[in-house]
Amino acid sequence: MLELSVTSVPVFISGEWREIPDVATGPVFNPSRGEVIAEVPMCGKEHVDLAVEAAAEAFPAWRDTPPVERARVFYRYCQLVEKNFDRMCASVTREHGKTLAEARGSVYRGLENIEFACAAPTLLMGDTLEEIARGVDCETMLQPLGVCVGITPFNFPAMVPMWMFPLALVCGNTFVLKPSEKVPLSANLIVDLLAQAGLPKGVLNVVHGGRECVDALLTHPKVKAISFVGSSPVARHIYETGTRHGKRVQANGGAKNYVVVMPDADVPRAVEALSTAAYGCAGERCMAGSTVIAVGPASERVLPALVEAARAMKVGPTDVAQPQPDMGPVITAQHRDRVLSLVASGEKEGAKVIADGRGIRVPDAPNGFYIAPTIVDFVEDKMTIAREEVFGPVLNVMRMEDLDGAIEAANKSAYGNGAAIFTNSGKAAREFKHRVKAGMVGINIGVPATMAMFPFTGWGESFYGDLHIQGKEGVQFYTQQKVVSTRWFGDGVGDVWKK
Ligand code: NAD
């Protein structure tokens, strides 16, 4: 069993945890303290080859394991995840910095993906039609692809990998996971639990590293499909390189999500939802509500309450059992500085900071990577802070005269992950859901991230590919269809089937 307190991070190949000596390493931080807690190896082609070979070797036997037996491994996995839930959440909090409540929420979302995967025997059923012509029947079969790869970001260390490998594996594929080098410990933990659930050797493998490791996976001839979640420029690189090398690719990118508040909205509920949407996980969410568009007089009611809520939030270290803060740090000092420079660019381009979290001091954890909730008002769509994903606890405010202006502003974004509206008008909500260019829409819901049974449907530069992660589209992504047409002749067998 894997120990959580490791300082060097092993890879998992052919069912064995292995240290990788003599390669460059990268630091893994506890962002609450600004301390290095582990060193992650930067694997290259040699280690990728070993992992892919292990997965390729394990594929025929796993493919031929009946789906009910494959699902049984995942039923046991669900139980192990529940049993180790607190340990997993502590790991997520320690290396990512999100609060324990946020870590719990994210691990639950991951668990729901495993529960969904347990339905594989039903999800993998094909269709049949008798008599497509006289004496001819037709059926579809869903068969696995082979070796699939998952490349994941830092912001959900356990959940995003769980979006991928449970469904890929239960569909009969084998898998190589490359977690974010910033948060490799929780990924190792969830993989170790699956090994304990009885997954055969080589079916799931883990390598660690950065670009070199990813590029070796993208171009490996035995890799059939790639699931990616991360920033848009990298998503695009993954999609272009992967497809050029003949692989099936689904690549989720970054986001900029707009939340429209209409004058008739329920203000206290909208403010509560907006504060969670903007500052939850310190704003490091692809479904973060990063821009509020106040329509007409809504700004007068909403903005003072938003500023008050932002100032009331307690920010501090999350790696303590009690008391937990409302918000933790961002992932690294470098990322904090990028967020700060985007706020500064907003000011320079004419926006106004109305809640300023930049100078925060956290005496208990002076070296942690903190920014308190920040609100930037009078943002206009040409500004850098309006266009670029900030990925920190920063809420932009735009003001529009009417719903048409709000929808137009939201639709100018190159991204298209999520969008939400707060209103009591069914007509306004209907108009919004019909016209807004985003894949996931919330009506009086601040973070309309989809659950495991629905696809995670980013649009625009938030997604490159055809079949999204999760739900039935996920099953389609991890399988290929075979259509079998059958005719049997009676002649020559002595008509034994006739009375
Ligand atoms: P990132 O793009 O920097 O890294 C993601 C993964 O790609 C990591 O495993 C990393 O090692 C690898 N990588 C980084 N640079 C690479 C390169 N040049 N070539 C090949 N591989 C490379 O993203 P991040 O900072 O870890 O995560 C934050 C981003 O992820 C945000 O943009 C966020 O919106 C996005 N995200 C999107 C979703 C979604 O579903 N759309 C969900 C979560 C996070």
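User: In what order do the three strands of the open sheet come?
Analyst: The order is β5-β6-β22, with antiparallel pairing; strands are DSSP E runs of at least two residues, numbered from the N terminus, and two strands pair if DSSP finds at least two bridges between them. This is a predicted model, in which local features need pLDDT of at least 70 and side-chain atom pairs count only at pLDDT 80 or more, while totals for chains, interfaces and linings use all residues. Residues are numbered from 1 along each chain as its sequence is written.

User: Which strands stand at the edges?
Analyst: β5 (128-133) and β22 (479-487) do; each has a single partner strand, so one side of each is left without a neighbour in the sheet.

User: How many bridges join β6 to β22?
Analyst: Nine bridges join β6 (residues 136-144) to β22. Thr-140 stands opposite Val-483 in β22.

User: Turning to domains, how is the chain divided?
Analyst: By an automatic or database domain assignment, there are domain 1 (11-253 + 462-484) and domain 2 (257-443). Their C-alpha centres lie 31 Å apart.

User: How many residues of domain 1 are in contact with domain 2?
Analyst: 20 residues of domain 1 are in contact with 25 residues of domain 2, contact being C-beta atoms, placed from the backbone, within 7 Å. The elements giving two or more residues to this side of domain 1 are β3 (25-30), α3 (85-96) and α4 (100-117).

User: What is Val-260 in contact with?
Analyst: Leaving aside neighbours within four places in sequence, Val-260 is in contact with Ile-293, Val-295, Ala-406, Ile-421 and Phe-432.

Terms used: Helices (H or I, at least four residues) and strands (E, at least two) are DSSP runs, numbered from the N terminus. Two residues are in contact if their C-beta atoms, placed from the backbone, lie within 7 Å.
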